[in-house]
Structure formats: structure tokens, C-alpha cells
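Morning, everyone. Let me put the structure up, and then we'll walk through two contacts.

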Amino acid sequence: MNKKTISFTLNGESREFDIDPNERLLGLLRRNGFKGTKYGCLEGTCGACTVIMDGKAVDSCLVFAFQAHGRNVVTIEGLGDAGTPHEIQQALIEEGAVQCGYCTPGMVLSAKAMFDETPTPDDETIRLHMDGNLCRCTGYEKIWSAMKKVSAKHERGGKR
Amino acid sequence: MTSVDKMKVVHHSVRKVDAEALSRGKHLFTGDLTPADALHIKMLWSPHAHARIKSIDVRAAEKMPGVRCVLYHGNVPKIPHCTAGQGYPEPSPYDTLMFDTKVRYVGDRVAAVVAETPEQALDAVGAIKVDYEVLKPVFDYDEALRDGAPIIHDEKESYVPIPIPYEPQKNIVAKIGMEAGDFAKGMKEADFTFDQVFETPYAQHCPIEGYISWAQLNPYGRIVITTSTQVPFHTRRIVARALDVPVQKIRVIKPRIGGGFGCKQEMLLEDVVALAALRTGRPVLWALTRAEVFRSGRTRHPMRIRVRYGVKKNGDITAIGLDLINNTGAYGGHGLTVMSCAGSKVLPLYHVNNIHFDAKSIYTNLPVGGAYRGFGATQAYFAVESMIDVMADKIGMDPLAFRKRNHIVSGESHPAFEALGEGKPGAPMTIGSCALDGCIDKGAAEIGWSKRTPPGSKTGRYRRGIGMSIHMQGSSVPEIDMGAASLKINDDGSFNLNVGATDLGTGSDTVLAQIAAEELATTTDKFIVYSSDTDMTPFDKGAYASSTTYLTGEAVRKAAAKVKSQLIRVGAEILRKKPEELDVDDAHVVTKDGSAKVSYKDIALRTLYETEQFQIAAIESHVTHKSPPPFAAHFVEVEVDMETGKVRVIKYVAAVDCGTAINPQLSEGQTEGAVLNGISYALTEEYRFDGMGKMMNASFTGYNILTMRDKPEIKTILVPSYEETGPFGAKSVSEISINGGMPAIANAIYNATGARVYRAPFTQERVWRAIQESKK
Ligand code: FES
Ligand code: FES
């Protein structure tokens with residue numbers, strides 16, 4: 001197989017990876033231990049594999065690994081710190097929005113891309129950004145309230 | 001009623017024990033735990049709905065790069081078994097071989113290639129040569145039951161392990177029925193009679209994590225299977241049978257599960273990964289693609305249900321007749337039990353003295369039915385709760401008042417509880433807790449039932465309507481299923497709680513820890529919960545039949561009570577008191593007068609290291625004698641586009657009596673997930689087949705499960721009751737609320753348009769046609 005080396009910023013660190021030409025970013029990440037990125041369809045419809053690339057949420061099962069070259073990629077491993085989860089994770093936990101949790105990392109990253117762009121999204125913006133992430137456990141109700149909670153927090157200037 | 005107000009842990013929305021780790025994407029799922037050097041499996045699936053394998057040549061495939069072995073009917077044990085994860089012996093036919101010389105649906109197993117990479121395995125699958133003798137397939141109910149129909153299971157080997165009706169030569173998997181009173185007489189006594197047929201489609205559970213399993217041999221040659229399953233213990237037993245190896249040789253580990261909803265109450269991949277690991281000596285992974293999950297995974301049984309009812313003008317229901325045909329597809333696991341529950345979880349809801357129930361499960365050459373949240377009750381409720389509205393309409397009674405007048409209440413029993421069991425008679429039961437009237441009242445207030453207007457009064461293109469339905473389910477399979485728990489103390493006063501119960505995302509690890517914490521008067525965070533691992537945890541039947549909280553929860557409570565008495569015994573020695581003078585509070589053994597106390601930690605240190613040493617620990621089991629139903633009243637408001645037939649759900653209210661909600665937030669979550677799944681099942685979800693029996697829409701986009709954009713406002717109202725036989729008054733909650741989507745929405749569509757739909761899902765076209773029909 002003809003290997004190729006690419007480099008990109010992963011969770012704030014610049015990294016080099018050997019890739020196979022047909023490999024997707026999802027496969028590359030998981031092969032290298034970043035298994036926080038889950039997968040449910042491998043065809044861009046469930047959003048479980050969502051990562052953030054240059055500020056946009058993307059389905060890593062559709063992105064070829066080589067397309068990450070020179071980009072800035074954030075995965076779930078890049079969020080929160082050892083003691084404290086990211087505020088989006090915190091809101092999902094508090095609202096009871098994590099059932100099986102398989103969709104959660106993807107949800108968190110779609111939400112992060114949204115909040116980074118629009119700190120206080122209106123309902124339609126939330127629908128637009130979160131529509132690509134399927135969850136079969138929650139009926140989305142508590143995920144929805146977690147999104148509203150984060151938004152409300154931003155509206156109060158970041159204070160809870 | 002015992003008060004839950006004094007409880008400190010139970011009935012509180014304690015944070016789910018695994019939520020943070022899951023939200024951080026930690027390596028908790030089957031696919032995250034697979035060794036890097038694992039081999040991969042790809043299956044050659046049958047392209048035919050019904051065919052005999054005349055010959056199969058795997059030699060070329062075996063020689064392909066990276067291929068380590070090919071498994072097919074010629075080189076594997078051929079032991080009939082049942083893949084359904086049920087108690088033993090199963091009330092289901094042993095009609096399945098690991099690999100067979102006959103294929104019975106598009107997506108049936110033909111041969112498995114085990115190779116270094118998935119790509120190599122897939123290439124080799126393409127190199128397997130199979131010569132099929134294509135047989136005439138059977139795709140529908142009438143064809144399956146026709147005299148002279150092709151026989152799907154014509155093999156000699158298949159049999160039922162317990163004496164239940166099994167007539168494979170007629171394509172009949174199972175039959176069950178009951179008669180009470182005199183149905184014909186009841187129909188004669190009625191002022192109005194009704195006879196209507198309803199149909200429900202094939203549906204799939206769609207957990208976001210599909211089926212995935214891997215196996216490896218440990219250094220002693222035992223087979224260790226890590227798998228996304230709801231039934232680790234049943235899986236161990238079934239794999240042992242299918243492979244003809246002792247149960248002792250197998251360990252099944254269930255890590256975190258990415259959803260199941262019933263589809264993982266099945267041994268689906270584990271036999272193949274286990275055998276492949278045995279043959280190759282290497283770890284072997286098998287993960288199904290989404291299309292494979294749809295085609296070769298388990299499904300919700302489609303049903304055709306004929307309902308007959310007789311009703312008097314005063315609102316008395318004089319007779320009910322349910323004749324249903326349940327399509328189990330190519331194999332018969334769950335065939336009996338699903339249709340039994342279509343009766344036993346539905347018929348008792350209303351007072352009717354004259355009852356006829358007749359159900360058949362049939363084989364077809366279509367995908368295989370399995371367990372799915374709601375378990376047969378969901379299908380039957382569509383028919384029954386639609387007809388309740390039809391009858392109310394006919395006699396000019398408010399459907400809410402009609403339901404209130406006729407539904408079962410506390411203290412009553414029903415013959416169906418005993419008549420309809422799971423391969424043996426069911427358990428007779430008197431209803432204990434029942435807050436159904438409260439559910440109806442609270443739900444009605446929330447949806448604005450009093451403002452509901454009749455269909456005739458509506459005009460315009462977009463018309464709104466309100467509908468309702470009421471439901472019951474069960475909690476565990478009484479006198480059949482067992483759950484157990486073990487509990488031991490550690491140096492610091494923390495506890496290991498080991499349960500075979502299978503948290504598949506429901507939060508049962510948290511709920512069980514809460515039950516233990518309440519009994520031991522400490523906090524949930526003091527429990528290290530481990531579930532479930534056949535080597536390490538006690539037996540549990542697994543996560544199904546709405547049983548974990550009610551059944552395993554009581555085993556946990558009993559184990560905690562035993563540990564409590566041990567703590568008190570040691571505490572009595574330390575405090576120089578009599579045990580009767582002591583109680584537990586805030587992780588201490590305390591004197592009832594509050595004058596002295598000793599901490600669990602100090603008791604643990606003493607018993608582990610100092611004086612009269614022993615391990616404070618207990619193991620307890622529980623079997624239930626009842627399956628107390630949770631109750632629910634569902635209300636929905638919809639808007640129907642009269643020109644296109646498009647239905648939009650505006651608001652959905654689920655008022656649920658689950659006894660004591662051990663964790664209200666998790667109970668709400670169970671309800672909301674079930675509700676949206678029910679709406680999705682009602683509006684969009686169905687398998688579409690080509691003329692050859694192949695599912696055509698085998699993807700999330702083609703099958704179309706609802707997204708956040710489609711979500712209406714969902715309002716859950718937990719209406720408390722106290723079930724004396726459950727842990728701290730709890731009943732089940734997870735299944736019941738999937739049952740409302742179809743009937744409540746069908747009733748709301750009628751209320752909006754005057755048109756009734758009898759066939760689900762309610763696609764634009766079906767609703768549009770019903771509207772045209774109603775104008776005639
Ligand atoms: S796995 Fe990438 S969208 Fe489903
Ligand atoms: S929590 Fe299970 S899929 Fe979302």
C-alpha cells in the first residue's frame with residue numbers, strides 16, 4: 001500500500017500521521033487511539049463521528065484522511081480538562097441527556113461548533129446545527145434543554 | 001400508601017454514574033475495546049429469499065490475501081438452536097443452524113470470511129462460489145398459511161424444546177389463544193358491532209451503535225466474548241450450545257452498550273466470532289454495517305390484526321375479539337412471546353367479559369422478527385386504542401370519558417394474565433398500584449382536552465386535532481426470569497455492586513445503585529457498579545421485559561438489606577448495644593436515640609483487618625410472582641395538511657404511572673425516547689421490499705428515523721403510585737411509552753380530518769387517501 005504522511009493540528013497539537021490514500025479521517029483517528037469519535041453508519045447520516053475541522057462540524061466518516069492535511073481538527077478528546085468537562089458536556093450531564101452516550105461525543109462537537117459561531121443560538125439555529133446528529137435514546141428532549149441551558153448561560157455572560 | 005417523601009436517594013434525580021465518561025467519549029464500547037491485531041469478519045449474505053445451497057466452493061476465497069479462515073455449513077457444528085435471548089428452555093423453536101444448506105431470507109448467513117482487514121474479507125466474500133437452487137418464496141400472511149404453500153422450515157432437525165404448538169409444515173411457528181365468557185353472545189348483546197383490520201409494518205430499533213462483537217481466547221484457552229448485548233448470560237448459554245462447547249469455556253462481557261431497545265436481546269454475532277477465534281487463535285471482530293443491521297438484524301414483527309368489538313349505547317363494552325397474525329420472518333425466536341404479550345398486555349386494560357383472542361405466528365421469507373420495546377403490545381395497541389375512539393364516536397361519548405368508564409382499576413384481575421403466558425400458563429395477578437385516572441386527568445389538562453372540537457367543525461387546509469390513548473405494560477416475566485446482585489464492602493466504606501443486569505443506556509446501573517444506597521442509608525457515589533460479565537457478576541436474565549428496576553432492583557434491595565444487618569451486627573459489638581437498638585443513617589450505624597454511632601468505614605476496617613474478620617457481603621436473587629403494569633395516558637396534538645396528507649406532530653404529552661420513579665430524570669428520559677420512537681414508528685418507519693424480498697431502504701436516510709428537527713414538544717408527567725411488590729414502590733417505565741404513537745396520532749388525525757388510518761406508518765399518501773375516502 002502506498003503510504004503517505006500528512007500533518008494537521010489535532011486538539012491544539014501539531015501531529016503527523018501515516019495514512020492510506022482511501023482512509024477516512026474517522027479510521028485514522030480511531031486507529032491512532034482517538035476512539036472518542038464513534039460511528040453509526042459510515043455514510044454521513046448519523047453524526048456519531050462528528051469532529052470539528054476548521055471550526056465546522058463534519059462527519060469524519062465522509063472526510064478523507066488526506067483532506068485533514070494542514071487543517072485544525074478538534075475531537076472529543078480535546079474538550080474539557082481532566083477535572084472539569086466542557087460546559088456543553090456539563091449541561092448534557094446535568095439535564096440527563098446522556099443515556100447510552102453513544103451519540104453524545106458527536107452531539108457535543110456539533111454543539112460546540114454551533115456555540116463557537118453563535119453563542120446564543122435561536123431555536124432554528126439549534127435545529128439546523130443539531131439535525132445531523134441522530135439519537136435514538138432520548139427523544140432529543142433533554143439534549144434540547146441542555147442546548148437551551150448553555151445558550152442561557154452565554155446570555156448571562158457566561159455565569160451560571 | 002408508603003411515602004416516598006422521606007427517601008433520601010430514591011426518587012431523586014441522582015446523576016447517572018456513567019454520564020461524564022460517556023460524554024467525554026471514553027473507551028467504553030465494544031468497538032473501542034477491540035485489540036488492534038483483531039481479525040475481521042465479513043459475511044456472504046443470501047441474495048435469495050428462499051433457496052437451497054446446492055454447492056459452495058470456498059477454496060478460492062481461502063487463498064485470497066489476508067484470509068485466515070472461511071466458515072460455512074461444511075465446516076461448522078450443525079446444532080439446531082434458537083437465537084432469541086430468553087429463559088431456558090426457550091418457548092421458541094430450535095430452527096436455526098450456525099450455517100445451513102438452506103437460506104430463508106435475503107440477508108441470511110451463507111459463509112463468513114475471517115481476514116486481516118475488512119477489505120480483504122470483503123474481497124474474499126466476492127470469491128466464494130455458490131450454486132443455489134432458488135425456491136419459491138413466501139412473503140405474505142395469506143400465502144404462508146395457504147394449503148400447499150412452500151414450506152420454509154422443511155428440515156427434520158428443527159423442534160421446540162418445550163411442548164408448544166409448532167407446525168412448520170404449515171409455516172406456523174406458534175399459536176396461542178384464549179376465550180373468556182361468550183364472545184358470540186357478547187357481540188349479540190351489543191347495540192353496535194365493529195369488525196376492522198389493522199396492519200403494522202416491519203420496523204427496526206436503530207440503536208446508533210449497531211451490532212458488534214469480538215472474541216479472543218484467553219491464555220487458558222477459554223473464549224472471551226465482548227459484545228454489545230442485552231443478554232450476556234443467555235448469549236453464553238446459546239453460544240455454548242451452537243458451538244458444542246461447555247458453558248464453562250465461555251465468558252461474555254457486556255461493556256457500555258450504544259442502545260438496544262430489544263434488538264440485542266439476541267445471540268446474533270457471538271457464535272461466529274467465538275468459533276472464528278477458536279479456529280484462528282486470534283482476536284476476531286465482527287461489526288455489521290448499517291445496511292446489514294437493517295437486513296440481517298432483528299426487527300419489530302409486522303402484524304395483521306382483526307379487531308371485533310361490541311358496545312352498548314351506555315358505554316358498556318360487551319365483547320372483544322382479537323385475531324392476529326404475527327410475521328416472524330425466516331426464524332421463529334420471540335414468535336410466541338411477542339403475540340402472547342399482544343394479548344396479555346392489552347386485553348386486561350378494559351372491562352370486557354366476553355373475550356376471544358387467537359394469535360398465530362408464521363414464517364415468511366422476510367427478515368427476522370425479534371424483541372422490540374413494547375413487544376407486541378405496541379402493535380395491538382394501535383388496533384385496540386383506535387377502536388376505542390371509533391366506538392366512543394359511534395355512541396356519542398367523549399373518548400376520554402369512555403376510557404375512564406371502562407378501564408381496569410386497582411384490585412381487579414383479568415383472565416388474560418393467567419391464560420397468556422410464555423410457553424406455560426401466565427401468573428394470575430390482581431392489579432395493585434394504578435394511577436391511570438390521574439394520568440388521564442393530568443395529561444388531559446396539559447394538552448387542553450377540554451378545548452377539543454369535533455372534526456366536523458374544522459375548516460381550512462391545515463387542520464389541528466387532538467387524540468389520546470391509554471396503555472399498560474408489565475414489569476418482568478413472572479415466575480420465569482431471575483435477577484441477582486452481589487454487594488461487598490471495601491476498606492473505606494464503599495461497596496462493589498455487581499449485577500448481571502444489563503445497562504444498555506437506560507441508566508440501570510445508576511438506578512440499582514440508588515436502591516442499594518437508600519437501603520444502606522448512604523449515597524450513590526459510594527457504589528462501584530459493575531455490570532455485566534458472566535465470570536464476575538451473578539446471573540441475571542438480562543435487559544428485557546421491563547424488568548431491571550422491578551426485578552433486579554428487588555434483588556439489589558435484598559442484598560443491601562443483608563449487608564445492612566451485617567453492619568448492624570458488627571456495629572452492635574463496637575457500640576456495645578443490641579442490634580434492635582440500632583439503625584443506619586448517613587453511612588453510619590447509629591443508635592436509634594442518636595447517642596452513638598460508628599461509620600461504615602470503621603466497621604469495614606475492623607472486619608477486614610482487626611477483629612473477628614470476615615467479608616461483609618451478600619448475594620441475593622429475586623423472582624417475581626407478578627408483573628405489575630405501569631400505566632400511561634398519552635395525548636397528542638397534530639396538524640394535518642388536507643391537500644397533501646402531511647401530518648405534523650405539535651405537542652405530545654405522556655402521563656405515566658411507573659410507581660415510584662427511582663430516578664425521575666431517567667424515567668422522563670426513558671419516556672421521551674420511547675415517545676419519539678413511537679411517533680417515528682407511526683409516521684415514517686417501515687421496511688420497503690422489492691419483489692424479491694430484499695429491503696430497499698436499508699439506511700438511516702432511506703428508513704428515516706426522526707431527528708431533532710422533527711421533535712415536537714414532548715411533555716412527560718410522572719404520576720406517582722406505590723407498587724407494594726416493587727423496590728421502594730417501583731414498577732417499570734422503559735417500554736410502555738412507545739405504545740402511544742400510533743393510536744394517539746391516528747385518533748388525532750381523525751379528530752383533525754374525520755379520516756381514519758388503519759395501516760401504519762401514516763405516510764402522506766396513506767393519510768391523503770384516507771381523507772379522500774372519508775369525503776365519499
Ligand atoms: S458514522 Fe459518520 S455520520 Fe454516521
Ligand atoms: S444517548 Fe443513546 S443514541 Fe443518544
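**Where the chains meet**

Between chain B and chain A, the count is seven salt bridges. Keep in mind that this is a predicted model. Take one pair as an example. A:Lys142 and B:Glu668 join their side chains in a salt bridge, at 2.6 Å from N to O.

Now the totals. Chain B puts 50 residues into the contact, and chain A puts in 51. The buried area is about 4100 Å², and carbon and sulfur atoms give 56% of that.

**A helix pair in chain B**

Next, two helices within chain B. H14 spans residues 508–519, and H15 spans 548–575. Their axes come within 8 Å and cross at roughly 35°. What hand does the crossing of H14(B) and H15(B) have, right or left? It is right-handed.

Who makes the contact? From H14(B), the residues include B:Val511, B:Leu512 and B:Ile515. From H15(B), they include B:Gly553, B:Val556 and B:Ala560. By class, the residues of this contact divide into seven nonpolar, five polar and three charged.

That's the tour. Questions, please.

Technical notes
Residues numbered from 1 in each chain as written. Chains lettered and ligands numbered in written order. Predicted model: local features only at pLDDT ≥ 70, side-chain atom pairs only at ≥ 80, totals over all residues. Heavy atoms only, no water. Axes fitted to C-alpha atoms, helices over the stretch in contact; angles between N-to-C directions. Helix = DSSP H or I, 4+ residues; strand = E, 2+ residues; numbered from the N terminus. Left-handed = near helix turned anticlockwise from the far one by under 90°. Contact = heavy atoms within 4.5 Å. Nonpolar A, V, L, I, M, F, W, Y, C, P; charged D, E, K, R; others polar. Buried area = accessible area lost by both parts, 1.4 Å probe. Salt bridge = Lys/Arg side-chain N within 4 Å of Asp/Glu carboxyl O.
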